[in-house]
Amino acid sequence: MKKPNKAYIDGDILVYKTAFYTEAEGSHLIQSKFDRDLKYWIPEGVTDYEIAISCKRHDNFRSKEYPLYKSNRNKTHRPDTLGEVYDYVTENYKVKTLPSLEADDILGIYASKGKGIAVTIDKDLMGVYGWHFNPNKEEPVKFISKKEAEDFFLIQWLEIVLIVFPDYGE
């Protein structure tokens, strides 16, 4: 599969990173902080990108099927500047949202169809076939084959089984 020159960037992570920073340092830094971080998230050779943003938590299809989905996050601190950062991003960048989907779902859809490079630090996306870029690693854009994606997915499930059932197999 030919490497696309478009990227889909996990905007949720960048937005939260900027919001936590600007909550401590001041909302006047939203633009400079977000823009500076975004530069490192655009893979070399990419000429077009969209910032993927999740739907509202209560609109997520997983929450509708399983109401406790991410309920543990209701107790976590949401930075005071979060809304301001979302507003800045949606007003100044090309944003991609899809009904009922999270940002990483959007990345997975476009990467698996060869339409773009999935840009995120979320290791769960390694279970998706296609082009990937992790800006926290000193690696170039890489292609994950269907077999590599399936193997990663299965290994994650095995890890969960061993955590939930530590005596399994004895």
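Residues are numbered from 1 along each chain as its sequence is written, and side-chain values use heavy atoms, with hydrogens and water left out. Because the model is predicted, local features need pLDDT of at least 70 and side-chain atom pairs count only at pLDDT 80 or more, while totals for chains, interfaces and linings use all residues.

**The sheet**

An open sheet is formed by six strands in the order E3-E2-E1-E4-E5-E6, with mixed pairing. Strands (E, at least two residues) and helices (H or I, at least four) are DSSP runs, numbered from the N terminus. Two strands pair if DSSP finds at least two bridges between them. At the edges lie E3 (95-96) and E6, each of which pairs on one side only. The table lists pairings in this sheet.

| Strands | Bridges | Direction |
|---|---|---|
| E1 and E2 | five bridges | parallel |
| E2 and E3 | two bridges | parallel |
| E4 (residues 117-119) and E5 (residues 130-133) | two bridges | parallel |
| E5 and E6 (residues 142-144) | three bridges | antiparallel |

Lys 6 stands opposite Asp 48 in E2, and Ala 52 has Lys 96 in E3 as its bridge partner. Val 119 is bridged to Phe 133 in E5. Towards E6, Gly 130 has Ile 144 as its bridge partner, and Trp 131 has Phe 143.

Helix H5 (residues 103-112) lies across E1 (6-10), E2 (48-52), E3, E4 and E5, and runs at about 160° to E1.

**Two packed helices**

Helix H1 (residues 11-25) packs with helix H2 (residues 30-41) at an angle of about 140°, and their axes are 10 Å apart. Axes are lines fitted to C-alpha atoms, for helices over the stretch in contact, and angles run from 0 to 180 degrees between N-to-C directions. The crossing of H1 and H2 is right-handed, a term for a near helix turned clockwise from the far one by less than a right angle. Contact means heavy atoms within 4.5 Å. Among the residues that meet are Leu 14, Lys 17 and Tyr 21 in H1, and Phe 34, Asp 37 and Trp 41 in H2. The residues of this contact comprise eight nonpolar, two polar and three charged. Ala, Val, Leu, Ile, Met, Phe, Trp, Tyr, Cys and Pro count as nonpolar, Asp, Glu, Lys and Arg as charged, and the others, Gly among them, as polar.

**A pocket**

The second largest pocket has a volume of about 180 Å³. On a 1 Å grid over the protein atoms alone, a pocket is an open set of points where a 1.4 Å probe fits, with protein on both sides within 12 Å along at least five of seven lines; lining residues have an atom within 4 Å of a point. A volume is the space filled by probe spheres set on the points, which are joined across faces, edges and corners. Of the 14 lining residues, Thr 120, Met 126, Asn 134, Lys 137 and Lys 142 are the closest to the centre of the second largest pocket. Its lining divides into six nonpolar, three polar and five charged residues.
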